[in-house]
Amino acid sequence: MKRKFWACVAVAVSVILSGVPAKTEEPLKVLIVDGQNNHAVWPQTTQMMKSYLEETKLFTVDIATTKPQGTDPDFHPEFGNYAVVLSNYNGADWPKETQKSLTDYVHAGGGLVIVHAANNAFGQWKEYNEMIGLGGWNGRTAESGPFIYTNEAGDLIRDTSPGNGGSHGSQHEFSVVIRDREHPITVGMPTEWMHTKDELYDSLRGPAINMNVLATAFSDPSTGGTGRHEPMIFTVSYGKGRVFHTPMGHADYSQECVGFITTLQRGTEWAATGKVTVEIPSDFPTADKTSARKYAVQTAN
Ligand code: ZN
């Protein structure tokens, strides 16, 4: 009896000290898929994204890794056990049944998050390209769908002219311009914020069906860009599923950007639930200043 009393006191004190009652909701389960990528930093960026998500206390994260080369016949994650799947994968095709399993999962309401080179993967997989909206490289041409970008006024252009999908100029810091200030992922963000050094993907093309561009970045010809405002944060709805896609995140220093981190946390929550509770942190970048959190690489003991 006495022990129970003190346990209650302990809970009450912890509520008072933290200012918020302990969360009673189950954390959202995230599965990061990786294993092959033309970006050698992928094992670290997977760990970075895992910690960014887990530090919100909203998510628990598992990782499913393919074998390092070729189609992995044993790669059969149980997507249905997760609220959202995050792809950090850019490699060989998955087994057909695994591809169908992801398509079915998203179509039935599963969440999907696409980061940077994940949009290079699976150039010929029709449903994947419908889910991600836009992609680059790996045989993407006019047949894959239009180039999508916005003009100065923010109007979305669907450009069916010929040309390969996917390019970028030299890496640099660039300004991300919010085009939809009402969406749960971007609401409350400064209208413009400076992103740390990254590849600014341009000329992505794809089916772009049911796609909502939330933010763009100007691809400056002086850095080898297109002179267009390229999509940087966007969503796609696919069946009952929600897809959050950012072409940002080339390197560790790109993912250390507080703008990237916050966008990833909010986008992943939105893909899982359709809502966002992650707040904009006080160290968020501004229109003229980048903001980064140095990531401490975890070393095995
Ligand atoms: Zn890259």
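Reader: How do you know that the span of H6 agrees with its 16 residues?
Author: The expected span of a helix is 1.5 Å times one less than its number of residues, and by this rule the 16 residues of H6 should span 22 Å; the end C-alpha atoms of H6 are 22 Å apart, which agrees. Helices (DSSP runs of H or I, at least four residues) and strands (DSSP runs of E, at least two) are numbered from the N terminus. This is a predicted model, in which local features need pLDDT of at least 70 and side-chain atom pairs count only at pLDDT 80 or more, while totals for chains, interfaces and linings use all residues. Residues are numbered from 1 along each chain as its sequence is written, and side-chain values use heavy atoms, with hydrogens and water left out.

Reader: Why is H6 called largely enclosed by the rest of the structure?
Author: A residue is buried under 20% relative accessible area, exposed over 50% and partly exposed in between (1.4 Å probe, protein chains only). In H6, 15 of the 16 residues are buried, so this helix is largely enclosed by the rest of the structure.

Reader: What makes Leu-264 count as buried?
Author: Leu-264, which lies in helix H6 (residues 258–273), has 1% relative accessibility and therefore counts as buried. Leaving aside its neighbours within four places in sequence, Leu-264 is in contact (heavy atoms within 4.5 Å) with Met-49, Tyr-52, Leu-53, Leu-86, Val-113, Val-115 and Phe-244.

Reader: Why is the arrangement around the zinc ion called irregular?
Author: Donors are N, O and S atoms within 2.8 Å of the metal (3.2 Å for Na, K and Ca), and sites may look incomplete because water is not among the atoms. The protein donors here are His-39 (NE2), His-116 (NE2), Glu-199 (OE) and His-250 (ND1), lying 2.0 to 2.1 Å from the zinc ion. Four donors count as tetrahedral if all angles lie between 85 and 135 degrees, four count as square planar and six as octahedral if opposite donors are over 155 degrees apart and all others between 65 and 115, and anything else is irregular. The four donor atoms subtend angles of 94 to 157°, which makes the arrangement irregular.

Reader: What makes the protein chain as compact as a globular protein of its length?
Author: The chain has six helices and 13 strands. Its radius of gyration, taken over C-alpha atoms, is set against the globule rule, which is 2.2 Å times the number of residues to the power 0.38. The value is 20 Å, close to the 19 Å that the rule gives for 301 residues, so the protein chain is as compact as a globular protein of that length.
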